[in-house]
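Please look over the structure shown here, with attention to its helix packing, its domains and the surroundings of its ligand. A short report follows the display.

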Amino acid sequence: MSLFNVYPLFDITPVKAEDVFVFDENNTKYLDLYGGHAVISIGHSHPKYVSAISEQVSKIGFYSNSIQNPLQVALAKKIVAFSGCIDYTLFLCNSGAEANENALKLSSFHTKKKKVLAFKNGFHGRTSAAVAATDNAKIIAPINAQQEVEILELGDLEGVEKALANNDVCAVIIECIQGVGGLDESTAEFYEGVDALCKKYNVCFIADEVQSGFGRTGDFFAFQKYNITPDIISIAKGMGNGFPIGGILIHPNITASFGLLGTTFGGNHLACVASSTVLEVIEEENLMQNAKEMSAYFMEKAETISEIKNIKGRGLMLGLEFDFPIADLRKKLIFEHKIFTGSAKNPNLLRILPPLTIKKEHIDVFFEALKNELN
Ligand SMILES: Cc1ncc(COP(=O)(O)O)c(C=O)c1O
């Protein structure tokens, strides 16, 4: 049986990885400035992570959510300590789309409304309501298109008020810094305005932190740059450093009841240990501070290159915008310089999403290669 052919693949086969490097079957070493799409937070195969997961699987890897699992409680406590989202509760699932799906469903249960407001160039996943709220017609099937979604320009506060005033919107879903779309970010006035309007019209504010959360921007959550209180915060990607895990943090205003949400695999023992270990390493190695410092260093270097028209992003969620499509440049970086980078919906934007453990010497290697290709 062959594979369902949905991914355009680069012909590279990583077989092992260590910190910011991956190695193919010929032992060729690649510098990973993509983090498997913002997933690798504490570095590939971190020894503490490997031993914690190995030890856990030798004891118990999985059992159902119908029994006690103190590892979930321990993870929730750690997330609270890191995020400062003190009174929130945690529901665990397996991916970013699933986190947003649960966030949208919960908003609808809570407000008893069903329309969703989302933003241009937003990306929230590929499942039912999450994909309907994603601004990409190509990935929305007719079955998804039956969801009621309105997509507004990022920054259109008046449009938000007009839509919410109809009293049929259950949720506004927003990435406070856009990932796949190309690292656009609106103003404090906009995010804080949306938050206030959500409170006024009994609408859930969903902060999609699937890509930006868990320290990637140098803050634990990207929304924390603003004075806002999301009703639901969705998380995944960096949370498990590659182990599939997602979740939502839920404001105490939203009450739980048995059966409201549920999952077979979500919050399993292995996933919880993976994510708790990620948080321990972030703390022990001061990785949020490193994200800030390496970001500043990266930007400083980027500013010296005249071909770069715009430097976008925060922390280690960065983008370099050129006045030409970057597809060829990206290929050259991979095949000639052995450096992984990312693309975006914006074809001129090269995305940089390295492990949070990255050091100056790795950034230097990237800029040497980039200069080489641009000359
Ligand atoms: C902001 C954001 N939300 C949701 C998702 C979907 O996550 P997943 O691919 O784990 O379903 C992504 C994935 O890229 C994302 O960037």
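## Model and domains

This is a predicted model, and the protein is divided into domain 1, which covers 67-284, and domain 2, which is made of 286-357 + 365-375. The C-alpha centres of domain 1 and domain 2 lie 27 Å apart.

Where domain 1 and domain 2 meet, 15 residues of domain 1 are in contact with 17 residues of domain 2. On the side of domain 1 that touches domain 2, the residues divide into 6 nonpolar, 8 polar and 1 charged.

## Helix α2 against helix α9

Two packed helices are described by the angle between their axes and the distance between the axes. For helix α2 (residues 47-59) and helix α9 (residues 269-284), the angle is about 155 degrees and the axes are 9 Å apart. Because angles over 145 degrees count as roughly antiparallel, α2 is roughly antiparallel to α9. The crossing of α2 and α9 is right-handed.

On the α2 side, the residues that take part are K48, Y49, A52, I53, Q56 and V57, and they meet H269, L270, V273, A274, T277 and V281 in α9. Sorted by class, the contact of α2 with α9 has 8 nonpolar, 3 polar and 1 charged residues.

## Helix α3 against helix α9

Helix α3 (residues 70-83) also packs with α9, their axes coming within 9 Å and crossing at roughly 25 degrees. Since an angle under 35 degrees counts as roughly parallel, α3 is roughly parallel to α9. The crossing of α3 and α9 is left-handed.

From α3, the contact is made by L71, Q72, A74, L75, K78 and F82, while α9 supplies H269, C272, V273, S275, S276 and L279. By class, the contact of α3 with α9 has 7 nonpolar, 4 polar and 1 charged residues. Residues H269 and V273 of α9 are listed in the contact with α2 and also in the contact with α3.

## Surroundings of the ligand

Which residues are closest to the ligand? The ligand is surrounded by 14 residues, of which S95, G96, A97, G125 and V210 are the closest. The largest share of this shell, 3 residues, comes from helix α4 (residues 96-111).

By class, the residues of the shell around the ligand divide into 5 nonpolar, 7 polar and 2 charged.

Technical notes
Residues are numbered from 1 along each chain as its sequence is written. This is a predicted model: local features need pLDDT of at least 70, side-chain atom pairs count only at pLDDT 80 or more; totals for chains, interfaces and linings use all residues. Axes are lines fitted to C-alpha atoms, for helices over the stretch in contact, and angles run from 0 to 180 degrees between N-to-C directions. Helices (H or I, at least four residues) and strands (E, at least two) are DSSP runs, numbered from the N terminus. Angles under 35 degrees count as roughly parallel, over 145 as roughly antiparallel, 65 to 115 as roughly perpendicular and the rest as oblique. A crossing is left-handed if the near helix is turned anticlockwise from the far one by less than a right angle, and right-handed if clockwise. Two residues are in contact if their C-beta atoms, placed from the backbone, lie within 7 Å. Ala, Val, Leu, Ile, Met, Phe, Trp, Tyr, Cys and Pro count as nonpolar, Asp, Glu, Lys and Arg as charged, and the others, Gly among them, as polar. A residue is near a molecule or strand if its C-beta atom, placed from the backbone, lies within 6 Å of it. Domain bounds come from an automatic or database domain assignment.
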